[in-house]
Amino acid sequence: MEPIHPSAETASSSTEISDRTLVARAQMGNDSAFEELVRRYQQRIYGLCYHLTSNHEDATDLAQDAFVKAWKALRTFKGDSSFYTWVYRIAYNSVLNHLKQRRYRTPHLSLDDLDFNAEHTPDLVELVSEKTPRREAGLMELQKRLNEAMQKLSPEHRAVVTLHDIQGLAHDEIARIMDCNPGTVRSRLFYARQQLQAWLSDITP
Amino acid sequence: MESPQNQSQPLTRLLHLKRFEAPPPGFHRRFRARVMTRIEMEREWAELPWFHRALTALTRQRGLALANGVALAGVAFLGVATFHIAHTVVNEEDEFQIYAALPLPSIPSREPAGLGSAEGAMLAQVEGAVGATHSLVLPASTGASWSGGRVAAADPGAAPGWLFDPPSGKSRKAPAPRFVLPGSVRSSDSGQ
């Protein structure tokens with residue numbers, strides 16, 4: 001999978017128009033149009049669900065649920081926001097409900113494999129200890145530690161970190177998705193980073 | 001104050017690691033197909049008649065089906081039990097009326113050796129003030145005697161007492177029950 005870069009996250013105006021057209025066709029019962037919308041945003045929606053749950057199977061189910069709910073509610077979509085913000089919001093609420101239900105269960109990590117390119121990213125190479133016999137094993141250990149630390153955050157703080165630091169969305173966009181104001185997003189982001197830094201102090205000096 | 005971005009630079013770099021977490025190859029192609037299959041199923045589901053949907057919803061999961069079965073059995077049991085209790089009460093009332101209307105069994109009456117005699121059984125039929133008929137059998141050993149419509153014990157200390165007290169006129173509020181003891185003779189039979 002290609003890593004999602006912040007520059008690629010913001011939908012261009014042409015895509016926006018095209019999304020509207022596709023949404024209009026899907027609202028008239030065109031399944032192919034909806035399938036195209038799924039193709040465009042499945043990676044981001046799956047990513048959101050995955051980074052919030054740290055579980056591949058749960059993320060798959062939740063992302064599917066989000067698209068099916070979007071299809072069911074497509075007639076009520078007025079186009080006040082972009083389609084992907086709307087789907088993001090549906091997915092975010094589905095994940096929140098799921099996390100509330102499993103509140104009293106220990107989260108079970110089911111992590112995706114790291115992409116081949118991760119080994120060659122300079123930032124990550126620096127983070128991996130030189131004493132580690134194999135770089136890949138070091139990265140996997142980092143991945144596990146990071147996901148465990150993420151799961152210690154509250155769902156709201158985890159969502160802010162995921163949407164901003166991993167998926168690269170702007171504060172305003174995140175505020176629309178999470179139905180709060182941008183100031184709240186910033187304060188949550190600040191607090192979440194502090195927490196993560198404290199928990200991962202040995203690997204992020 | 002240092003900006004949060006500068007403060008958490010190493011952390012931000014570490015978080016970049018999560019961008020490289022990828023599902024297995026071909027996942028997104030299969031994912032799209034599964035979403036469309038589910039949408040097709042949802043459409044077919046919406047077209048089903050309501051009773052079919054209700055039945056399917058009740059039996060979709062084994063545990064849910066079992067719970068529904070137990071609940072249904074409980075409701076059926078309660079219904080049968082309630083009906084049985086109501087039916088039994090009606091039958092008891094009917095049974096009482098049926099037995100009350102039945103003729104008495106023909107038991108050969110024992111002829112008293114003679115009223116006023118100290119020996120033998122004494123049959124006393126007491127016509128109460130309310131007109132109820134009571135048949136009493138007094139044991140011969142008590143030495144009770146019948147005179148003028150009253151029964152007097154020869155020896156109060158030896159009398160075992162009445163088998164029941166005849167109803168008085170004052171206390172009568174409801175029709176007095178008619179008691180017939182085995183071995184008694186009805187007034188019509190005794191000719192009194």
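**Exercise 1.** With which residue does B:Arg32 form a salt bridge?

*Solution.* A salt bridge requires a side-chain nitrogen of Lys or Arg within 4 Å of a carboxyl oxygen of Asp or Glu. In this predicted model, the partner of B:Arg32 is A:Glu35, and the closest N and O atoms are 3.8 Å apart. Between chain B and chain A, the count of salt bridges is four.

*Conventions.* Residues are numbered from 1 along each chain as its sequence is written, and chains are lettered from A in the order in which they are written. Local features need pLDDT of at least 70, side-chain atom pairs count only at pLDDT 80 or more, totals for chains, interfaces and linings use all residues, and side-chain values use heavy atoms, with hydrogens and water left out.

**Exercise 2.** Describe the extent of the interface between chain B and chain A.

*Solution.* Step one concerns contact (heavy atoms within 4.5 Å): 30 residues of chain B touch 54 residues of chain A. Step two concerns buried area, the accessible area (1.4 Å probe) that two parts lose on being put together, summed over both. The two chains bury about 4,300 Å² between them, with 67% of it on carbon and sulfur atoms. B:Lys18, B:Arg19 and B:Phe20 supply 18% of the area that chain B buries against chain A, more than any other three residues.
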